[in-house]
Amino acid sequence: MIIHFILHGETLESIAEDIKLENPLYLKEYHNRRCAREDVIVDRLVPGKRLLIPADSDIAQYNLRNDAPFKSPDRNPEIPFQPQRLTRKYSVGIVEKAYCEQDVSQQTVFYDVLLQWIGFEEGYHLFQYSKLSFYNRKDGILGDLAEDCIKSLNPIEIKTDPQGKMTGIRMSPEVSNRFKEIKDRLLDLYPGPYAKTYIEEFAYAVQNPEIFNERMQDDIFIKTYFAPIRTPFRNGISRYPFPLSGPGISLAIIQAAEPSGQPSEILLNQKTEPDSALPGAVYSGQYTIRKEDGLITGIRIDYGYTEYGSRNTTQIIVDEKP
C-alpha cells in the first residue's frame, strides 16, 4: 500500500491510469476499506487529502476481473460498412484561417455533394462523388472559373477498402472520354491569357492520373468521410492517422465511442495524441454514425497546427441532407 496526497485536478480515473488499474472504481473501494473515517471518498477527490493506493499485486488481481468500463461492448463497437444503398446528399462547410504575426487570412466555403455507391471492383467499394451547389464563394470571373472547373469533373470515382478507407481516386470513364470537349468549352467561356493558363494547369493535373489521385486525396470531404474511422477498437479506443496538407504530414488520432442518446447511432469522439513532429498540433472531432450500416450522418472537426511561423486552423462541418 502507498500513501498518496491528492493533487489539484486529479481524479480517480487519472490516478488509476497512472498506476495501470483498469477499473477506477476499485481504487475508491480499496481506499474506503482501509482509510480513516474522515478520509472516506464519497464522490470527488479532495486535494490535499490522503489516498491509499494498492500495491502492484493487488492491482493485478483487480485487473483479472476484466470488468473495466473501457472493455464493454458499447465502448468497443464493431462498426459495419454497408454502403450498397448509398445515394445521399451532404452539406459541407469549411472555414480555414492562417495567423501570421498580426495578419489573419480566412477562407470560407460551403457546398453540397452527392455521393453514390455504384458497385464492387475486385472486392473494393466504388463510389461516384459530385460537387453540386457552391455558396459564399468568391464572386466574379475567378470564382466562376474555379466552380466550372470543379463541376466539369462530376462525377469522380472513389475506391475504398471493405471498411470504407479511401484507396484511390480517378476520373469516371464518361468524364475522361469527353475531357477534350470539356476543356474546349472552358476555353471558349473564359478567354484571356490568365484563364488559359489556369485551364491548362487544371487540365494537366486532371489528365495525369497520379497527380489527380494525389490532389483529390487532399479534398476535405473525401479525406474526412473516407477516413479509416472503422479501425478496430481495443480497450475502448482506436487509432488512425489524419493527413494534413502536404506530403507525409499527419496527426495521430485517438477515438472513443460514446453514448449518443439515440439507440440507432454511434458517436465517435476524437482527439489527437501529442505529436513531436508538429508542436502545438491540436484536433477535436466527432462523427455520428448509423449502427445499422455504419454510414456517416454528421461530422464536426476542428484542428490546428503551426508551420513555418504561421498558425493554421480548420473547422469542418458535414451534415446529411434530407
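**Exercise 1. In which loop is P155 found?**

Solution. Start with the ground rules. This is a predicted model, in which local features need pLDDT of at least 70, side-chain atom pairs count only at pLDDT 80 or more, and totals for chains, interfaces and linings use all residues. Residues are numbered from 1 along each chain as its sequence is written, and side-chain values use heavy atoms, with hydrogens and water left out.

Step 1. Find the flanking elements: helices (H or I, at least four residues) and strands (E, at least two) are DSSP runs, numbered from the N terminus.
Step 2. P155 sits in the loop between α4 (141-151) and β6 (156-160).
Step 3. Check the peptide bond there. N154 and P155 are joined by a cis peptide bond, with omega about -10°.

**Exercise 2. Locate K20 and E101, and decide whether each is buried or exposed.**

Solution. 
Step 1. K20 belongs to the loop between α1 (12-19) and α2 (25-34). Its phi is near 65°, a positive value in a residue other than glycine.
Step 2. E101 belongs to the loop between β3 (87-100) and β4 (103-121). Its phi is near 55°, again positive in a residue other than glycine.
Step 3. Apply the cut-offs: buried means under 20% relative accessible area, exposed over 50%, and partly exposed in between (1.4 Å probe, protein chains only).
Step 4. K20 has a relative accessible area of 65%, so K20 is exposed. E101 has 77%, so E101 is exposed.

**Exercise 3. Describe the largest pocket and its lining.**

Solution. 
Step 1. On a 1 Å grid over the protein atoms alone, a pocket is an open set of points with protein on both sides within 12 Å along at least five of seven lines; lining residues have an atom within 4 Å of a point. Grid points are joined across faces, edges and corners, and a volume is the space filled by probe spheres set on the points.
Step 2. The volume is about 1400 Å³.
Step 3. The lining has 42 residues; Q107, K131, A146, I150 and Y198 lie nearest the centre.
Step 4. α4 supplies the largest share, 6 residues.
Step 5. Sort by class. Ala, Val, Leu, Ile, Met, Phe, Trp, Tyr, Cys and Pro count as nonpolar, Asp, Glu, Lys and Arg as charged, and the others, Gly among them, as polar. The lining holds 21 nonpolar, 10 polar and 11 charged residues.

**Exercise 4. Which element gives the most to the lining of the second largest pocket?**

Solution. 
Step 1. This pocket has a volume of about 800 Å³.
Step 2. Its lining has 21 residues, with E17, F70, N235, G236 and I237 nearest the centre.
Step 3. Two or more lining residues come from each of α1, β9 (250-258) and β10 (265-272).
Step 4. β9 gives the most, with 4 residues.

Key. On a 1 Å grid over the protein atoms alone, a cavity is a set of points where a 1.4 Å probe fits but cannot get out, and a pocket is an open set with protein on both sides within 12 Å along at least five of seven lines; lining residues have an atom within 4 Å of a point.
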